[in-house]
Amino acid sequence: TPISLAQFCRQLVEEVQLTTSTHTIVFCAHNQCPNGCLDQQLLRHILTNLLTNAIKYSPESSLVQFDLICESQKVIFRIQDQGIGIPANEQPELFNSFFRASNVGSISGTGLGLSIVKKAVDLHGGQIEVESRLGEGTTFTVKLPYSGCRLSDKDKLVSLHPSTTATAPLLN
Ligand code: ATP
Ligand code: MG
């Protein structure tokens, strides 16, 4: 069954928040979204990876801010952390398979998450951008165009019907 995009994101935040007691994810849906559809599996994959990275690469007790902004033609997801950041000269390599930045220290990982996220975003006809300062934090912005809804895809889709709670920030 289709659900609102804000509600979908809120549920995802609740799931990821359950995996950590040391970080707080703050979700904010800024405005109402027009009708449209997005693939729930792909969206879940993209957002879970970005939220998990934000937690993994930032210190205990820090905040992860997750913003949902709807424009007339596209949806914008912004995930911002107060973590270790990514060295500027290494940022062009970020979406390459097995890339891990030089400042990860003892934080473990395979370096595959973001390369797969990039493929999922491309499949959606979207864009992903990063803005990061070493030792200050990182912001990932994902922009996805609305796609048409096909009835046969019903189970895969997130409806973008306006949510009545669209402006209420959720504190976990
Ligand atoms: P995994 O495959 O388990 O996700 P990973 O987290 O190392 O492992 P990616 O998610 O692809 O792999 O990220 C690649 C690299 O980019 C990371 O190793 C890290 O150096 C850097 N990185 C990704 N997200 C962040 C972030 N939010 N803050 C700082 N560095 C990050
Ligand atoms: Mg990762």
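**Nonpolar core, helix packing and ligand shell**

The largest nonpolar core contains 34 residues, and C9, I46, L50, L51 and I79 have the most contacts inside it. Such a core is a set of buried Ala, Val, Leu, Ile, Met, Phe, Trp, Tyr and Cys residues joined through C-beta atoms within 7 Å; buried residues have 20 or more other C-beta atoms within 10 Å of their own, C-beta atoms being placed from the backbone. Two or more residues each come from α1 (5-17), β1 (24-29), α2, β3 (63-70), β4 (74-81), α3 and β6 (137-145), with helices (H or I, at least four residues) and strands (E, at least two) taken as DSSP runs numbered from the N terminus. The most are given by α2, with seven residues.

The model is predicted: local features need pLDDT of at least 70 and side-chain atom pairs count only at pLDDT 80 or more, while totals for chains, interfaces and linings use all residues. Residues are numbered from 1 along each chain as its sequence is written, and chains are lettered from A and ligands numbered from 1 in the order in which they are written.

In α2, L42, H45, I46, N49, L50 and N53 meet G113, L114, V117, A120, V121 and L123 of α3 (C-beta atoms within 7 Å). The residues of this contact comprise eight nonpolar, four polar and no charged, with Ala, Val, Leu, Ile, Met, Phe, Trp, Tyr, Cys and Pro as nonpolar, Asp, Glu, Lys and Arg as charged, and the others, Gly among them, as polar.

Ligand 1 is surrounded by 21 residues, the closest being Y57, A101, G109, G113 and L114 (C-beta atom, placed from the backbone, within 6 Å of the molecule). Its shell has 10 nonpolar, nine polar and two charged residues. The largest contribution to this shell, three residues, is from α3.

Notes: A residue is buried if 20 or more other C-beta atoms lie within 10 Å of its own, exposed if 12 or fewer, and partly exposed in between; C-beta atoms are placed from the backbone. Two residues are in contact if their C-beta atoms, placed from the backbone, lie within 7 Å.
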